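Dear colleague,

Please read the notes alongside the coordinates.

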Amino acid sequence: MAKRAAGLVIFRRIGEQIQYLLLRASYGDFHWSSPKGHVDPGEDDFTTALRETKEEAGYSEEDLIIYHDKKKVLNYKVNDKPKVVIYWLAQLKDPNKEPMLSDEHVEMKWLSKDDAKRTVGYKDNQDMIDEFHEIILKLQ
């Protein structure tokens with residue numbers, strides 16, 4: 001059975017610019033990603049996304065506009081084992097509120113779409129950023 005994880009792709013608007021929050025892991029290959037984490041037993045995917053975002057970035061549901069109907073499911077392998085990650089799109093209400101990193105991450109960045117895509121590196125994450133960006137443009 002595939003491991004499950006869930007998280008939020010968080011964006012903010014600074015003037016006309018749309019920026020995405022990426023966190024750099026403090027372990028493994030020190031990869032960059034949106035806040036996410038493993039689903040605990042008895043926990044649903046959305047609850048996991050909220051809990052992990054609070055733990056990893058310090059943002060609670062009150063800090064965000066969460067687009068419940070805008071989600072993306074990624075399927076990939078980690079160490080040859082299947083993994084499913086569900087992401088919801090979320091906007092930071094106060095674009096000046098900086099995240100508070102946990103010890104699971106060593107760095108954070110707010111990046112433009114193109115810089116975020118270059119930073120995440122993985123094709124499925126890059127495609128997700130493109131898809132969410134198109135959705136955000138239609139929200140304006």
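**Cavity, pocket and helix packing**

The structure holds 1 cavity of 30 Å³ or more, where a cavity is a set of points, on a 1 Å grid over the protein atoms alone, at which a 1.4 Å probe fits but cannot get out. This is a predicted model, in which local features need pLDDT of at least 70 and side-chain atom pairs count only at pLDDT 80 or more, whereas totals for chains, interfaces and linings use all residues. Residues are numbered from 1 along each chain as its sequence is written, and side-chain values use heavy atoms, with hydrogens and water left out.

The largest cavity contains about 70 Å³ of space, a volume being the space filled by probe spheres set on the grid points, which are joined across faces, edges and corners.

The largest pocket (an open set with protein on both sides within 12 Å along at least five of seven lines) holds about 690 Å³ of space. It is lined by 27 residues, of which Tyr-27, His-31, Lys-36, Val-78 and Lys-83 are the closest to its centre. By class, the pocket lining divides into 10 nonpolar, 7 polar and 10 charged residues.

Helix H2 (residues 113–120) and helix H3 (residues 123–139), both DSSP runs of H or I with at least four residues, pack at an angle of about 160° with their axes 8 Å apart; axes are lines fitted to C-alpha atoms over the stretch in contact, and angles run from 0 to 180 degrees between N-to-C directions. H2 is therefore roughly antiparallel to H3 (an angle over 145 degrees). The contact (heavy atoms within 4.5 Å) includes Ala-116 and Val-120 of H2 and Ile-129 and His-133 of H3.

With best wishes

How values were computed: Helices (H or I, at least four residues) and strands (E, at least two) are DSSP runs, numbered from the N terminus. Angles under 35 degrees count as roughly parallel, over 145 as roughly antiparallel, 65 to 115 as roughly perpendicular and the rest as oblique. On a 1 Å grid over the protein atoms alone, a cavity is a set of points where a 1.4 Å probe fits but cannot get out, and a pocket is an open set with protein on both sides within 12 Å along at least five of seven lines; lining residues have an atom within 4 Å of a point. Ala, Val, Leu, Ile, Met, Phe, Trp, Tyr, Cys and Pro count as nonpolar, Asp, Glu, Lys and Arg as charged, and the others, Gly among them, as polar.
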